[in-house]
Amino acid sequence: MLPTQLTTDRLVLSSPTLADAQAITDMCTDPESQKWTTVPWPYTLEDAHNFIEKIVPAAWEADSPTWSLREKAADGTYGRTIGTISLTGGHPTSEMGFMIAPHVRNKGYMSEAVQAVLDFAFDSMSLESVIWECLIVDGEPNWPSARVAWNAGFTFEGRIRKHSTNKGNAYDCLIGSILPTDPRKPQHPWIGPDSRHPAIGNPRDPEQLVRAFHTTYGLPIVEGEPNADRERVHMRLSLVAEECAELIGAVYGEKAQAIMTEAFGKAKQADDGSRDTVEVADAIGDLVYVAYGMALELGIPLADVLAEIQASNLSKLDADGKPIYREDGKVLKGPNYFRPNLRRVLGI
């Protein structure tokens with residue numbers, strides 16, 4: 001493949017030249033670049049020369065193109081590189097990687113470049129998919145990189161354990177993919193942190209979401225022997241009954257919901273002290289199973305629904321990111337709380 005120049009509203013993407021060596025060196029010695037990418041350390045001007053003169057030409061020949069991002073001036077000219085973006089792997093699928101200089105971050109340049117490279121990947125290279133991934137360091141993915149991928153339309157597929165190495169250490173990765181037929185816009189709710197809530201976690205792992213909620217708000221997580229005869233079992237069962245009644249009401253109406261609520265009250269009064277832990281576990285598992293089955297049969301994207309609900313639940317924190325409690329220990333809503341917008345999630 002011959003080097004190909006791409007353009008966006010504000011950028012020119014072209015193969016790096018020796019004139020970019022110092023700019024690339026500066027980018028690669030930035031602490032954030034070192035933390036999240038596999039560029040060597042220490043990174044020297046000689047490394048940049050080797051990258052430009054040997055690695056990049058060989059990559060283009062192997063159908064793994066690399067571009068420098070350059071800002072366009074008003075007169076149409078452009079300067080030295082402010083970032084790089086590449087496709088690695090050839091055909092039929094490639095992995096996208098990108099890096100941008102600290103002084104131009106948060107200006108949307110990389111989002112422009114990603115869209116241009118995706119056009120090239122699917123239209124000119126006829127790729128069947130493009131993969132993106134980022135390291136997870138100390139439990140946190142590279143959220144700025146993830147935000148760019150999410151905005152571009154990548155679907156986050158999940159976490160792969162010890163998938164990549166950097167500076168001799170193995171790291172878990174968050175991985176995403178995009179296909180030629182996918183819309184170039186977010187495909188699911190944002191799972192990373194924003195101004196109103198901390199990071200959500202993997203919405204395809206409901207236990208992880210609930211565990212994060214319990215940890216955030218100081219709710220019990222029992223690691224010992226399973227036992228249904230615990231003090232909070234009554235409160236927990238009332239929550240299950242409440243949500244079940246709401247589901248009945250959503251399908252059959254308010255009168256039916258009232259009947260279910262009344263029925264649970266009578267059931268609670270009839271408590272004979274039975275606490276069969278095995279049967280409780282079986283019933284909880286079946287509830288989860290049939291809930292997912294109902295979502296599948298109704299066309300409800302449950303992972304996206306859970307992500308939106310989790311974002312709402314975690315938005316109860318105060319301005320300093322701390323939980324707020326009433327005198328009796330009930331979690332109160334903070335100033336950034338918002339209700340889950342499930343209409344947006346469902347597109348209705």
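At 77% relative accessibility, D138 counts as exposed, where exposed means over 50% relative accessible area, buried under 20% and partly exposed in between (1.4 Å probe, protein chains only). This is a predicted model, in which local features need pLDDT of at least 70, side-chain atom pairs count only at pLDDT 80 or more, and totals for chains, interfaces and linings use all residues. Residues are numbered from 1 along each chain as its sequence is written, and side-chain values use heavy atoms, with hydrogens and water left out.

Q: Where is D138, and what is its phi near?
A: D138 is placed in the loop between β6 (129–137) and β7 (140–141), strands being DSSP runs of E with at least two residues, and helices runs of H or I with at least four, numbered from the N terminus. Most residues other than glycine have a negative phi. For D138, however, phi is positive, near 55°.

Q: How many bridges join β8 to β9?
A: Two strands pair if DSSP finds at least two bridges between them. Strand β8 (residues 155–166) and strand β9 (residues 169–178) run antiparallel, and I160 has C173 in β9 as its bridge partner. The number of bridges joining β8 to β9 is 8.
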